[in-house]
Number of protein chains: 2
Amino acid sequence: MTASAKQLLKKNISKHILLTEEKADEFCELFESRFVKKKESLLKAGEICRFEGFVNKGLFRVYHIDRDGVDQVLYFAAEDWWVTDIDSFTNERPSWLYIEALEDAEILLISKENKEFAYRNIPEIEKLFRIMTQKTHVFLQRRIIDNMSKTADERYIEFIERYPQLFHRLSNLQIAAYLGISHEFLSKIRKKISQKK
Amino acid sequence: MTASAKQLLKKNISKHILLTEEKADEFCELFESRFVKKKESLLKAGEICRFEGFVNKGLFRVYHIDRDGVDQVLYFAAEDWWVTDIDSFTNERPSWLYIEALEDAEILLISKENKEFAYRNIPEIEKLFRIMTQKTHVFLQRRIIDNMSKTADERYIEFIERYPQLFHRLSNLQIAAYLGISHEFLSKIRKKISQKK
DNA sequence: GTAAAAAGTTGAACAAGTTCAATAAATGGA
DNA sequence: TCCATTTATTGAACTTGTTCAACTTTTTAC
């Protein structure tokens, strides 16, 4: 693992909990680095997710492919984000998700065994993941309500405003798959918006 | 707190973690019981949520009212379910949710102070809430994808199949607000289904 | 038991978003 | 650099779901 990757991970942890330098180092030792090429998959539906990952570089999408072969993006994970199928990882159950790199990437991976080791030996880590899961939880609730109460236009505009960095690294196909609309309709929304200006 | 309420709470905890009888009792002592009449609110948008609740009896709905005055139901909580606005509760931030009893209810409430006391003094409790939050997280992910990939008809049928008990305690207005459709359209779906049989 | 309120149904007109097909533009790999 | 592939745009027809209004049925409160 590069020093800068470790730095980013330690900085990320410190956003959520207080941890001594030694304990943070001990925790970081439980990760291994992996380089992933664009379009390469970290996980496919049907497989059991054997990792929880912290993105040091690059960009991933976590998505589902439905019955009709349509992609739905659950979330994107760029630098400083965590990525896994928590259900598959925790319960060792086949996943229904795909995780794929949209850009060449470096990701730090921790196994279930090592995460459980951390839970046992560094009590603060239990808190770390409780807090992180809780934050995601809040975010998911918000998204459910937004999907129910807002039109596609509004959701698109809010996406751009909330994630300007992500926006310019993503194709409209990916954004449409996140917003839950067809990419043709997204194209029409974009036209409408640009005409208004 | 009645003995039966305490029993239900202890049984619920034991579904997620192993806890000695003494520790479970100690944890239960941190809750207080509250009786809530039908249509009474536990929380309103704008307020700070001061509790995390475990439903012993009755039925609650957790919902949002959007700009246009339309209700969106985030979830229902009947016996053996937990209910709170986790964001407002944890971060002492004004809520954007309403929590209201749909039936006369009894709920066991724990304050933030008492929950933090539990975190400090009963380490397993940190794990309990991490696991519960994680389960909710999985459920919310599933719901986001379902809302994107399934029609209202399918979502209605799955709702009935997954929550038959809940279904017969809820009005179609409430179910429509959960599915994210108008109650008129739900009525038409019901007609279509009944004609098929 | 009855009046009022709330919940449920139905139809017609409408709006939001999809699908399909054709074409244009951008990107990527040898 | 050039060819193939992917991404984006556009229009027309279509589907899903909404809105509004009128009406019926059920529930609730006194």
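Predicted model: local features only at pLDDT ≥ 70, side-chain atom pairs only at ≥ 80, totals over all residues.
Residues are numbered from 1 along each chain as its sequence is written, chains are lettered from A and ligands numbered from 1 in the order in which they are written, and side-chain values use heavy atoms, leaving out hydrogens and water.

**The cysteines**

Remain with C28(B), which is buried at a relative accessible area of 1% (buried means under 20% relative accessible area, exposed over 50%, partly exposed in between, with a 1.4 Å probe and protein chains only). Over all chains, the structure holds 0 disulfides (a disulfide is a pair of cysteine sulfur atoms within 2.5 Å).

**The core**

Now select F60(B). The largest nonpolar core has 48 residues, and F60(A) and F60(B) touch the most other members. Such a core is a set of buried Ala, Val, Leu, Ile, Met, Phe, Trp, Tyr and Cys residues joined through side-chain atoms within 4.5 Å. Not counting residues up to four places away in sequence, F60(B) touches residues including V36(B), Y75(B), I99(B) and I107(B) (contact means heavy atoms within 4.5 Å).

**Between the chains**

Display both chains together. The contact takes 36 residues from chain A and 36 residues from chain B. There are 6 salt bridges between the chains (a side-chain nitrogen of Lys or Arg within 4 Å of a carboxyl oxygen of Asp or Glu). To view a salt bridge, select E126(B) and K127(A), whose side chains meet at 3.6 Å, N to O. On the side of chain B that touches chain A, β5 (71-77), α3 (86-91), α5 (123-149) and α8 (172-179) of chain B each supply at least two residues. Of these, α5(B) gives the most, with 18 residues. Helices (H or I, at least four residues) and strands (E, at least two) are DSSP runs, numbered from the N terminus.

**A final stop**

Finally, select Q174(A), in helix α8 (residues 172-179) of chain A. Q174(A) is buried, with a relative accessible area of 12%. Leaving aside neighbours within four places in sequence, Q174(A) is in contact with R61(A), V73(A), F76(A) and L102(A).
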